[in-house]
Amino acid sequence: YQKAEVSAMNLSGEQNRSVRFTKSRIKSAFFSLLEEKDINKIYVAEIVRKADISRATFYLHYLDVNDLIQQIENEIIMSIIAKISEFDENTYVDGEFPIAKGVFDIMNSYAKELKLLLGAHGDITFHSRIQGSLSALFVCLLQDRISDKEKLEPAIVFLFGGVFNMFLDNLNKESPLPTETLALIANRYLRATNSIIGLE
């Protein structure tokens, strides 16, 4: 029984690795095409040819190209939200900026994807989806902690729009600033916004 259980676990692990490998090839092929053409002109046939897989394999993981795009974008957004969720104010040290640095680190790990998805050939709705998701998250986290709730949503939307555009602008520079420096600058804006909405 134990041997069968171990074999099943090994098989499951191999299958998971195989799925990750296949999806990685599909994504790599998609982004390679996105470097060359508009996102709405990329088709499954091109992706499977470049990834060297069958159409059936593609459809095991994605409904169509739009589903692939949505899953990629959702992964990026959820990774940022997961990093923010790790923050523990009980262990916060004054003068540090863990949320800003964590968000920039995650976005930096998706630098190529963000650059292409938000570039000239990319998805025109993705920018507003990221900003909207993060703004909604912080409104939810902070709404019970401030007295003037009318100021909260516009302040958060303004802040994250500015911080996100700062990251994108830095991403496209020949000599981008280090993540640490960007986080320090963003943290100054965070402090100013805290003052506006009445949050310590």
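Biologist: Is Glu46 buried or exposed, and which residue forms a salt bridge with Glu46?

Modeller: Side chains of opposite charge can pair when their charged atoms come close. Here Glu46 is buried, at 16% relative accessible area (buried is under 20%, exposed over 50%, partly exposed in between, with a 1.4 Å probe and protein chains only). Its salt-bridge partner is Lys37, with the closest N and O atoms 2.4 Å apart (a side-chain nitrogen of Lys or Arg within 4 Å of a carboxyl oxygen of Asp or Glu), and Lys37 is partly exposed at 23%. This is a predicted model, in which local features need pLDDT of at least 70 and side-chain atom pairs pLDDT 80 or more, whereas totals for chains, interfaces and linings use all residues. Residues are numbered from 1 along each chain as its sequence is written, and side-chain values use heavy atoms, without hydrogens and water.

Biologist: Which parts of the chain does the salt bridge between Lys27 and Glu75 link?

Modeller: Lys27 and Glu75, whose closest N and O atoms are 2.9 Å apart, lie in helix α1 (residues 2-34) and helix α4, 48 residues apart (helices are DSSP runs of H or I, at least four residues, numbered from the N terminus).

Biologist: At what angle do the axes of α4 and α7 cross?

Modeller: Two packed helices are described by the angle between their axes and the distance between the axes. The axes of α4 (residues 65-85) and α7 (residues 126-142) come within 11 Å and cross at roughly 30° (lines fitted to C-alpha atoms over the stretch in contact, with angles from 0 to 180 degrees between N-to-C directions). That makes α4 roughly parallel to α7, a description for angles under 35 degrees.

Notes
Helices (H or I, at least four residues) and strands (E, at least two) are DSSP runs, numbered from the N terminus. Angles under 35 degrees count as roughly parallel, over 145 as roughly antiparallel, 65 to 115 as roughly perpendicular and the rest as oblique.
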